[in-house]
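Subject: Handover of a structure for your review

Dear colleague,

Please find below the structure I am passing on to you, together with its sequence. My notes on what was found in it follow.

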Amino acid sequence: MLQAGVVGVETPLWPTAVEPPREPRGQGRMDKPLEAGVGGFAAVEVGGEVLPGASGEGVFQVKSQTSCKSLPWQKLEHLNGRASPPMRALHCLRLRRLLYLPLNARPFSSSSSSSSATHEIPTVYSFLQPSIFAPRPKPQPPPPPPAPDPAPRALPVADAVALEEGLFAAVAEDRSDDAWLAFKSLAAASLSPSPPAAAALVTHLVAGNHRLGLKRAFAAAVFLLEKSPHVSPLPEAALEALFSSLVASGSTGPALALARALLGCGRRLPAFSAWGRPLMELTRADTSSFAAFLKVFDEACRLMVEEKSQSVVALMRPDLAACNAVLQGCCCLLGTVKDAERVLEIMSAVGVSPDAESFGYLAFLYAWRAVPSRVDELDKLLEALGFSKKGFFKKLVSGYLKCCSFKSVSSVILRAVEERRVGDVSAFDDECYTEVAQCFVDNGRIRELAQLIIQAQEIELTNQLLVVDESVGFGIVNACVGLGLLNKAHNILDEMTAQGASVGLGIYSPILKAYCKEQKTAEAAQLVAEISAAGLQLDAGSYDALIDASMTAHDFQSAFALFKDMREARLPDLRTSYLTIMTGLTENNRPELMASFLDAVVDDPRIEIATHDWNSIIHAFCKVGRLEDARRTYRRMVFLLFEPNNQTYLSLINGYLSAEKYFYVLILWTEVRRKGADFNHELIDSFLYALVKGGFFDMAMQVIEKAQELKIFVDKWRHKQAFMETHKKLKVAKLRKRNFRKMEALIAFKNWAGLNS
């Protein structure tokens with residue numbers, strides 16, 4: 001029987017001298033049926049040679065051109081009984097080949113004695129039978145190569161010109177599809193539109209900020225860069241418009257691909273501002289995108305260096321601001337020293353000199369990556385070049401905060417304070433102090449922050465840097481307040497007090513202002529007591545905040561007392577607090593307090609009081625109907641040599657008119673007429689209306705004469721209506737008997753107003 005793993009034997013089955021002929025398929029026949037059991041084959045004589053069967057029982061006879069007869073079982077004993085199983089299996093295989101029998105016609109049994117009892121696996125499950133003789137799949141012939149594209153059909157010159165003219169017309173008429181079809185027709189004929197036509201097409205496609213138009217513009221630009229024979233296939237303006245649209249849509253991948261096509265087209269690069277700056281703005285927020293842009297930038301600068309014409313290089317190269325932006329991305333976004341120094345080398349190669357901002361970004365990177373030797377080199381270089389170290393210190397602080405090196409942050413801030421001189425601007429701004437406060441507080445470094453403020457205060461006192469708003473303590477505490485960390489700011493104050501340090505006014509001031517802003521009057525009062533106990537004097541800003549909080553709480557007396565303290569402290573700036581009090585009293589309709597407050601401060605030269613301040617009081621009195629107080633304020637104003645204006649008179653006239661005090665209008669008119677005020681239409685109209693309503697027609701005619709003299713237009717209809725409402729039943733005959741002069745004035749007014757017709 002065939003054993004697993006047996007493929008062949010070295011001894012050939014057939015003699016080498018004579019090869020027995022094979023019978024064609026179907027020509028042999030069986031003289032005697034198979035007498036063996038189910039599991040094997042009988043011995044067979046083929047060409048005079050006996051082949052043993054698989055079972056050793058019965059004879060299998062095949063007739064062919066050669067005689068073939070059955071052999072007795074005894075003669076096959078040396079093959080059937082003594083041959084090894086592998087040899088018998090090979091004999092069976094040989095027999096199958098001679099008889100054209102299938103190899104897997106019947107499975108072999110494990111032994112001849114159990115062959116009849118072995119269960120045969122059905123044909124439907126034959127695929128479960130593993131076989132080392134399984135037929136291999138026939139190799140498929142390779143697919144035929146694709147047919148080459150047909151050569152583009154040549155387009156007559158007249159047709160090409162017509163297509164370009166059609167492109168221009170479609171762009172002018174806002175027919176995007178027709179313009180795109182014209183471009184595709186030119187491209188199909190391997191023709192490129194002229195640069196003006198290409199610029200018109202691309203600019204038109206990106207103008208609407210549509211996705212389809214942007215895709216078409218991108219495809220057209222790439223085609224033109226790769227295929228166009230023109231030196232400049234796409235003008236810079238159109239290229240810049242395309243890059244700007246890609247930036248607006250956030251298409252980072254297409255923008256980078258377009259830049260690579262621009263570099264690989266073999267033409268002179270356009271100005272860096274046309275493509276580099278928009279691309280840089282698009283990629284500067286993402287690390288991977290900026291890294292890809294950095295490769296494009298490097299390649300572009302290499303092409304610039306290879307350019308021999310210096311005038312061309314001057315047009316192509318980036319300016320200092322663009323180089324600093326690239327350097328900022330390397331230092332602050334990527335954080336790689338190698339890339340940053342590579343950009344610095346590129347700047348030198350293209351002829352762009354770094355400035356203090358460039359060195360500031362490098363300082364941030366070296367501080368972040370803990371390269372103290374490079375920081376020292378930058379420090380010496382800045383000093384040798386004479387650059388200001390303000391940005392250098394600020395960037396160092398940011399870099400050390402990035403790696404949470406709080407000791408280094410404190411040392412840099414203290415060094416900056418030591419090197420600062422009287423009159424110099426502080427090296428740190430609100431943004432820097434906010435960053436410092438946020439990082440220290442987030443990491444629970446309140447104690448270190450308090451120690452930093454204490455040490456900075458000592459240096460500031462030694463160097464006589466007494467400007468409160470520019471002190472380190474004020475900057476840090478004010479930053480905490482701005483971040484909404486008022487409790488942390490007070491914790492810093494408590495920590496400084498616990499360490500026995502003297503707390504300057506710069507620490508108290510931001511906290512006090514925050515308490516006032518949040519209407520925490522109790523905390524503000526307690527803090528003011530602490531400031532007074534420390535022997536400190538509040539600044540004008542703190543007083544302003546306290547007064548504003550008092551006015552918001554309608555505590556007017558406290559506001560007056562605080563303003564009095566400000567005056568006694570001889571603070572130079574009182575204007576803000578004065579306006580706060582006056583505005584609050586006006587909004588709350590308290591003209592009596594306004595008048596008394598104004599009388600109290602009118603002699604203070606630090607407060608600029610003008611006519612409009614008195615007008616506010618007069619208007620407030622008239623608004624609430626307190627006309628006597630308004631007249632008294634007016635007299636006080638005139639007595640103190642403040643000149644009334646038209647607004648003063650209008651407020652008084654409207655107040656008298658509302659209370660029907662027409663006689664006071666008459667007195668006011670007499671006074672104003674005598675002084676010779678600067679009359680305008682509004683003032684003339686108000687006087688005339690009030691006098692007509694009061695029946696003072698002789699004075700009304702004086703107003704009319706003044707208007708005619710000054711050529712001021714007066715609406716007769718309004719005053720005619722006022723007369724009809726008030727004096728409709730007035731009889732001229734009765735008036736003639738009383739006062740002839742008044743009768744003449746009445747007749748003159750009626751004639752002027754057209755009431756006699």
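**Overall organisation**

Of the contacts in the chain between residues at least 6 apart in sequence, 66% join residues at least 24 apart. Please note that this is a predicted model. The chain holds 36 helices and 2 strands. Of its 757 residues, 43% are buried.

**Helix H22 and its surroundings**

Helix H22 covers residues 505–517. Its 13 residues reach 18 Å from the first C-alpha to the last, close to the 18 Å expected at 1.5 Å a residue. Because 11 of the 13 residues of H22 are buried, this helix is largely enclosed by the rest of the structure. The buried positions are Leu505, Gly506, Ile507, Tyr508, Ser509, Pro510, Ile511, Leu512, Ala514, Tyr515 and Cys516.

Which helices do the buried residues of H22 pack against? They are helix H19 (446–462), helix H20 (472–482), helix H21 (486–498), helix H23 (521–533) and helix H24 (540–552). Just after H22, Gln519 adopts a positive phi of about 60 degrees.

**The packing of H19 and H21**

Two packed helices are described by the angle between their axes and the distance between the axes. For H19 and H21, the angle is about 65 degrees and the axes are 9 Å apart. The crossing in which H19 passes H21 is right-handed.

On the H19 side, the contact involves Ile446, Arg447, Leu449, Ala450, Ile453, Ile454 and Gln457. These residues meet Lys488, Asn491, Ile492, Glu495 and Met496 in H21. By class, the contact of H19 with H21 comprises 7 nonpolar, 2 polar and 3 charged residues.

**Helix H16**

Helix H16 spans residues 390–402. With 13 residues at 1.5 Å a residue, H16 should span 18 Å, and the 19 Å between its end C-alpha atoms agrees with this. The buried residues of H16 are Phe392, Phe393, Leu396, Val397, Ser398, Gly399, Tyr400 and Leu401. They pack against helix H14 (356–368), helix H15 (372–385), helix H17 (406–419) and helix H18 (430–442). H16 is followed by Cys404, whose phi is positive, near 60 degrees.

**Cysteines**

How many disulfides are there, if the two sulfur atoms of a pair must lie within 2.5 Å? The count comes to 0 disulfides. Cys323 is in no disulfide, and the nearest cysteine sulfur, that of Cys301, is 6.6 Å away. Cys323 has a relative accessibility of 1%, so it counts as buried. Cys403 is likewise in no disulfide; here the nearest cysteine sulfur belongs to Cys404, at 7.1 Å. Cys403 is partly exposed, with a relative accessible area of 33%.

Val202 is found in helix H5 (residues 195–207). Is Val202 buried or exposed? Its relative accessible area is 0%, so Val202 is buried. Leaving aside residues up to four places away in sequence, Val202 touches Ala217, Leu234, Ala238 and Leu242. Val202 and Ala219 are 17 residues apart in sequence, and their C-alpha atoms are 9.8 Å apart in space.

Asn615 belongs to helix H28 (residues 611–623). This residue is buried, with a relative accessible area of 7%. Again not counting residues up to four places away in sequence, Asn615 touches Met637, Asn645, Gln647 and Thr648.

**Positive phi values in loops**

Most residues other than glycine have a negative phi. Leu641, which is not a glycine, has a positive phi near 65 degrees. Leu641 lies in the loop between helix H29 (627–639) and helix H30 (646–658), and is exposed, with a relative accessible area of 77%.

Lys711 has a positive phi of about 55 degrees, although it is not a glycine. Its place is the loop between helix H33 (697–710) and helix H34 (716–726). Lys711 is exposed, with a relative accessible area of 78%.

With kind regards

Technical notes. Residues are numbered from 1 along each chain as its sequence is written. This is a predicted model: local features need pLDDT of at least 70, side-chain atom pairs count only at pLDDT 80 or more; totals for chains, interfaces and linings use all residues. Side-chain values use heavy atoms; hydrogens and water are left out. Helices (H or I, at least four residues) and strands (E, at least two) are DSSP runs, numbered from the N terminus. The expected span of a helix is 1.5 Å times one less than its number of residues. Buried means under 20% relative accessible area, exposed over 50%, partly exposed in between (1.4 Å probe, protein chains only). Contact means heavy atoms within 4.5 Å. A disulfide is a pair of cysteine sulfur atoms within 2.5 Å. Axes are lines fitted to C-alpha atoms, for helices over the stretch in contact, and angles run from 0 to 180 degrees between N-to-C directions. A crossing is left-handed if the near helix is turned anticlockwise from the far one by less than a right angle, and right-handed if clockwise. Ala, Val, Leu, Ile, Met, Phe, Trp, Tyr, Cys and Pro count as nonpolar, Asp, Glu, Lys and Arg as charged, and the others, Gly among them, as polar.
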